[in-house]
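Please keep the structure open while reading.

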Amino acid sequence: MMGSDYTHRRWSNLRKILERSGPFCRPDFEPSSETLQFLLESCKILVIGAGGLGCELLKDLALMGFRNIHVIDMDTIELSNLNRQFLFRYKDIGLAKADVAAKFVNSRIPGCNIVPHSCKIQDKDEEFYRQFHIVVCGLDSIVARRWINGMLLSLLVYENGELDRSSVIPMIDGGTEGFKGNLRVILPGLTACIECTLDLYPPQITYPLCTIANTPRLPEHCIEYVKIIQWPKENPFDCPIDGDDPNHINWIYEKSNERAAQFGIQGLTYRLVQGVVKNIIPAVASTNAVIAAACATEAFKLASSCSASLNNYMVLNDVDGIYTYSYEAERKEDCVACSQIPKEIEINNPKFKLKDLIELLCERSDLQMKSPGLTAYIGGKNKTLYMQTVPSIEEKTRENLTKTLIDLGLRNGSEINVADITTPNTIVLKLKFIYPNSDIL
């Protein structure tokens, strides 16, 4: 049993920061031993993701004095994870990442209590997220980032139009890709949210089907052809593609090689096939370590007020040397997530169809929706215009896709409610017709 003297010495470096003032402290910082007790006993942190960033985050946060940590991840451990996700071993392959990561850190750091949740973030409700003081994200999915951003915004409380700051749960978001990384600190309702700067995340690369089928020029075109066209046609294993099944990857690799040879295309490798099939983002352990350390530092600063937080976006590039740059990302007044004003969608054609609107919602860099479902209040009733995710409703509303917005009863100023997998909340969009004579509608 370790005594109080050991405990005091263990956190001596933190006491030097928390029990005395300094030139970088925030104005509201008051040196006190109670701050350390808050970190050790009361502060609750949620880490989303137990992969490359997540493993580093759990280690860093636990060593910085945070003991009440929850981690949520839906994935299981794969062989390819072991080169950088250091909390896992060969014997852990096939087990849940969250469970193994929590067990490893709990066993190595005395007093730490990491609670694992092996599920999707969408499986948890508002009450689950409301219990945390800070949320730290180590995600590789833009959709997941947008969803948790929407969830934290939905927890905000407004009184007479004024934000109750006690309802703000800060979100620290880290991301890496190869030798590049970024970190941002988001105070929901106060600073720029994920949706405010959505155009920083370019839409996922897709290849036109005509190019894939007729004039392939890249090895990726050959892989996509096999994945999209040959696999459904030949159905070699009588099941959907499993990117973790080596038999599936081998089959795609062989067929892709044949097509590449047919068109004289070089550079096709087994690893590239894996990357295209699984949409793998390249990862480097050192980049993960730097970004995770920065995220943990920001969590410590937010929890203790010992220093001003990042304001509010930092980028890292260590391709040639090490370069970092920080700046303040600004809120958008018409942000679909954090603004109280419905975003206007301009329509410049009286023949604009519902399917055109859905394409617009998916293609616009500031919206980037995936499978939007649309409803609107028309003629005194709430009407479902289209709902792709529910087969029975999709079939009934499919005919609306080829109707114009005017034929559907929508007019200048009409508001459309949009549901999408990118957010837990319904988004309100306002139509603005800007073609001649549209003002009479």
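## Backbone and packing report

Asn235 is partly exposed, with a relative accessible area of 33%. This comes from a predicted model. Asn235 sits in the loop between H9 and H10. Its phi is positive, about 45°, although Asn235 is not a glycine.

Asp238 is found in the loop between H9 and H10. Asp238 is not a glycine either, yet has a positive phi of about 55°. At 64% relative accessibility, Asp238 counts as exposed, because the cut-off for that class is over 50%.

Most residues other than glycine have a negative phi, and most peptide bonds are trans. The chain also has a cis peptide bond, which joins Asn311 and Asn312, with omega about -15°. Asn312 lies in the loop between H12 and strand S9 (313-317).

**Helix pairs around H9**

Two packed helices are described by the angle between their axes and the distance between the axes.

| Pair | Angle | Axis distance |
|---|---|---|
| H9 (residues 219-234) and H10 (residues 246-262) | about 115° | 9 Å apart |
| H9 and H11 (residues 270-278) | roughly 60° | within 10 Å |

How do H9 and H10 pack? Their axes are 9 Å apart, at an angle of about 115°. That makes H9 roughly perpendicular to H10. The crossing of H9 and H10 is right-handed. On the H9 side, the contact is made by Cys222, Ile223, Tyr225, Val226, Gln230, Trp231 and Glu234. H10 contributes His248, Trp251, Ile252, Lys255, Ser256, Arg259 and Ala260. By class, the contact of H9 with H10 has eight nonpolar, three polar and three charged residues.

The H9 and H11 axes cross at roughly 60°. H9 and H11 are therefore oblique to each other. Their crossing is right-handed. H9 supplies Pro219, Glu220, Ile223, Glu224 and Lys227 to this contact. The H11 side consists of Leu272, Val273, Val276 and Val277. The contact of H9 with H11 has six nonpolar, no polar and three charged residues. Ile223 of H9 takes part in the contact with H10 and in the contact with H11.

**The buried side of H13**

Which residues of helix H13 (residues 354-363) are buried? They are Leu354, Leu357, Ile358 and Leu361. These residues cover an arc of only 100° around the axis, so they lie on the same side of H13. They pack against five strands, S11 (343-347), S12 (373-378), S13 (381-386), S14 (415-419) and S15 (427-433).

Asn288 is found in helix H12 (residues 285-304). Its relative accessible area is 3%, so Asn288 is buried. Leaving out residues up to four places away in sequence, Asn288 touches Gly52, Leu53, Glu56, Arg84, Thr176 and Ala283.

Ala144 lies in helix H7 (residues 142-154). With a relative accessible area of 12%, Ala144 is buried, because the cut-off is under 20%. Apart from its neighbours within four places in sequence, Ala144 is in contact with Ile121 and Leu139.

Technical notes: Residues numbered from 1 in each chain as written. Predicted model: local features only at pLDDT ≥ 70, side-chain atom pairs only at ≥ 80, totals over all residues. Heavy atoms only, no water. Axes fitted to C-alpha atoms, helices over the stretch in contact; angles between N-to-C directions. Helix = DSSP H or I, 4+ residues; strand = E, 2+ residues; numbered from the N terminus. Parallel < 35°, antiparallel > 145°, perpendicular 65-115°, else oblique. Left-handed = near helix turned anticlockwise from the far one by under 90°. Contact = heavy atoms within 4.5 Å. Nonpolar A, V, L, I, M, F, W, Y, C, P; charged D, E, K, R; others polar. Buried < 20%, exposed > 50% of the residue type's maximum accessible area, 1.4 Å probe, protein only. Arc of directions from axis to C-beta.
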